[in-house]
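Reader: I am new to this structure and would like to learn how to read it. Could you take me through it one feature at a time?

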Amino acid sequence: MKYQRWNNYRKYLLDKYGTSLYRIGVDGGFSCPNRTQERHGGCTFCDGTGSVAVYQRTSESGFRHDSSFEKEVSEEILLRFQSIENQISKGLEFVKRRYKASLFALYFQSWTNTYDTVENLKKIYDKALSCGDFREFIVSTRPDEVGPDVVELLSSYMNEEREVWVELGLQSANNETLARINRGHTVEDYIDAATRLHERNLKVCTHVIIGLPGETRKDYERTAEVLNECGSDAVKIHNLHIPGGTRMAEDYLSGEIAAFSTERYIRETENFLRRLNPNMVVERLLCETPSHRLMAPRHFLDKSQFLTALEERMILCDTRQGDLYEG
C-alpha cells in the first residue's frame, strides 16, 4: 500500500473495518454563526459554499482540475437539496455505483452542523440516521458551537456498532492569526471543546491550515503541539487556498499575501507531520477547492501527484510522521 510514511486514513479504515468506509456527505440546512452581521461576514477565506460534497454539486460536474478561474460564482451551487433523505439516497447510490461500497458513514459536512437548538438538532440527526445503516456518524462544526447540551446529544448516538466523530475547525493555534482571518473563536475555545468531547468518548478530527498569512514554521509547529496536547484523534491538513470573492482574495490581488508553491507546502507539511503523534490519523493533506473557484494557487499538483511527491520526499529524507514527536 502507498503512503506508509504517515498514518493514512485509508489504511486506518481497512485495519479497523476490513474494508473501505465511504462517507455520505449531507447538507443539513445549517448556516454559520460567523457569517452574521455581528461577526462581520465570516472567515476571510470563506467563499460561501459551505464545503458541500462534490457529488452533491451537480452544477459543477463539468469542471476539472485545470479549469480556468471564473470570477463570477454561480448561486446555484448554494442551493440546498429539498430533503436530507434525498441527499442520502443520492449519496448512497453514487458510492455504491462508483466504488461498489458496502460500509458507510453519515457525514454532516456543510457549514456549522451544531448551530441550532438541541431540539432541532435531534430531529435532524434522527431523521438522517434512520435513512441507512451507518457505522460512523460524523459532524463538522466550530469549537465555539459545542456546548454541554450538544456534547450530550452527540454522545447519545454512540453504541457498540457506531462511532461518533466531531470535526473541529481550529486552523491555527495562534490567536493573533485567528483574529486576522476573522475566525470568531480562540485556541482556548478549541481546547475546551476537544476536552469535553473526549470526556464523553467522542472522537475528534481537527482541521488546520498551513500557509495562513503572517505565519511561520514556528506557528505550524505550535499548532501540531496543541493537537498533540489535546489528543486529537485525527487531523485534516489543508494548504491555504484563496477562492475568488473572498476578503482574502482582495488581499491577494493587492499583493499583501501569497499562497505557497507546491515545493514550499511539501516541506512544511513534512515538518508538521514529523511533530504529530504517530497514532494520529491523517485524513487529509490537501485542500481541493475546484479550480474554477480558485484564485490562488493556480499552479499546484493534483491530489495524487502531491501525495506521491510528499511520500517520495519523506522516503528520500528518511522521515516519517512522529519521528520528532515528544510525547
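This is a predicted model: local features need pLDDT of at least 70, side-chain atom pairs count only at pLDDT 80 or more; totals for chains, interfaces and linings use all residues.

Reader: What does the secondary structure of the chain come to?

Author: The chain has 10 helices and 9 strands. Of its 327 residues, 54% are buried. The chain exposes about 15500 Å², and 46% of that comes from carbon and sulfur atoms. Contacts also tell us about the fold: among those between residues at least 6 apart in sequence, 82% join residues at least 24 apart.

Reader: How do I read a helix such as H1, and which of its residues are buried?

Author: Start with the general idea. An α-helix has 3.6 residues a turn, so residues three or four places apart point the same way. Now take H1, which covers residues 9-17 and has Tyr9, Tyr12, Leu13 and Tyr17 as its buried residues. Looking down the axis of H1, you find these buried residues within an arc of 100°, so they line one face of the helix.

Reader: Which exposed residues does the face turned away from the buried side of H1 carry?

Author: That face has the exposed residues Arg10 and Asp15.

Reader: What caps the N-terminal end of H1?

Author: Asn8 does, with a side-chain oxygen 3.2 Å from the backbone nitrogen of Arg10. Just after the helix comes Gly18, with a positive phi of about 80°.

Reader: Let us turn to the core. Which residues have the most contacts inside the largest nonpolar core?

Author: The general idea first: in soluble globular proteins, nonpolar side chains tend to be buried together. Here the largest nonpolar core has 67 residues, and Phe108, Tyr125 and Phe137 have the most contacts inside it. Leaving out residues up to four places away in sequence, Tyr125 touches several residues, including Phe108, Phe137, Val139, Leu153 and Leu154. There is also a second, separate core of 13 residues, with Leu21, Leu103, Ala105 and Ala234 among them.

Reader: Can we look at another helix? Which residues of H4 are buried?

Author: They are Val150, Val151, Leu153, Leu154 and Ser155. What covers them includes helix H3 (118-129), E3, E4 and helix H6 (187-199).

Reader: Why does Val151 count as buried?

Author: Its relative accessible area is 4%, and buried means under 20%. Apart from neighbours within four places in sequence, Val151 is in contact with Val146, Arg196, Leu197, Arg200 and Leu202. Val151 and Val166 are 15 residues apart in sequence, and their C-alpha atoms are 9.6 Å apart in space.

Reader: Where is Arg275, and what does its side chain join?

Author: Arg275 is in the loop between helix H9 (262-274) and E8. A polar contact of 2.5 Å joins its side chain to that of Asn271. Arg275 counts as partly exposed, at 24% relative accessibility. Beyond residues up to four places away in sequence, Arg275 touches Glu221, Ala224, Asn228, Leu324 and Tyr325.

Key. Residues are numbered from 1 along each chain as its sequence is written. Side-chain values use heavy atoms; hydrogens and water are left out. Buried means under 20% relative accessible area, exposed over 50%, partly exposed in between (1.4 Å probe, protein chains only). Helices (H or I, at least four residues) and strands (E, at least two) are DSSP runs, numbered from the N terminus. The arc is that of the directions from the helix axis to the C-beta atoms. A polar contact is a pair of N or O atoms within 3.5 Å; within protein, one must be able to donate a hydrogen and the other to accept it, and residues adjacent in sequence count only if both atoms are side-chain atoms. Contact means heavy atoms within 4.5 Å. Accessible areas come from the Shrake-Rupley method with a 1.4 Å probe; for residues, only the protein chains shown count as cover. A nonpolar core is a set of buried Ala, Val, Leu, Ile, Met, Phe, Trp, Tyr and Cys residues joined through side-chain atoms within 4.5 Å.
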